[in-house]
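Here is a short report for a first look at this structure. Have the sequence and the 3D view at hand.

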Amino acid sequence: MFDRYFRSLKDRLLGPVARALGPRLPPDAITWLAFAAGLSCAGAVLNGHLRAALGLWLLNRLFDGLDGTHARVHARV
């Protein structure tokens with residue numbers, strides 16, 4: 001819903017990171033990292049490690065935004 005409004009901000013913030021990662025890294029690899037962080041977050045919550053869960057959730061959100069930016073920066077859409 002708000003994606004079109006925040007995409008330019010997200011791309012400005014994550015663009016330098018995406019460029020630093022280089023074109024050889026496939027965006028799908030970043031997507032899988034986001035998935036792993038999300039599953040790890042769920043496990044941390046189930047085990048009562050809420051601070052770790054928060055960090056993993058934030059990492060999941062970062063990777064989830066980075067994969068699309070990386071694909072756009074390196075024309076892999």
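## Terms and model

Buried means under 20% relative accessible area, exposed means over 50%, and partly exposed lies in between (1.4 Å probe, protein chains only). This is a predicted model: local features need pLDDT of at least 70, side-chain atom pairs count only at pLDDT 80 or more, and totals for chains, interfaces and linings use all residues. Residues are numbered from 1 along each chain as its sequence is written, and side-chain values use heavy atoms, with hydrogens and water left out.

## T31

T31 sits in helix α2; helices are DSSP runs (H or I, at least four residues), numbered from the N terminus. T31 is partly exposed, because its relative accessible area is 35%. Its C-alpha atom lies 8.9 Å from that of G68, which is 37 residues away along the chain.

## Helices α2 and α3

Helix α2 covers residues 27-46 and helix α3 residues 50-73. Their axes (lines fitted to C-alpha atoms over the stretch in contact) come within 8 Å and cross at roughly 165°. Angles run from 0 to 180 degrees between N-to-C directions. So α2 is roughly antiparallel to α3, a label for angles over 145 degrees.

## The nonpolar core

The largest nonpolar core has six residues: L14, A18, I30, A34, F63 and L66. Such a core is a set of buried Ala, Val, Leu, Ile, Met, Phe, Trp, Tyr and Cys residues joined through side-chain atoms within 4.5 Å. Helices α1 (3-21), α2 and α3 each give two or more residues to this core.

Beyond its neighbours within four places in sequence, L14 is in contact (heavy atoms within 4.5 Å) with L62, G65, L66 and T69.

How values were computed:
Parallel < 35°, antiparallel > 145°, perpendicular 65-115°, else oblique.
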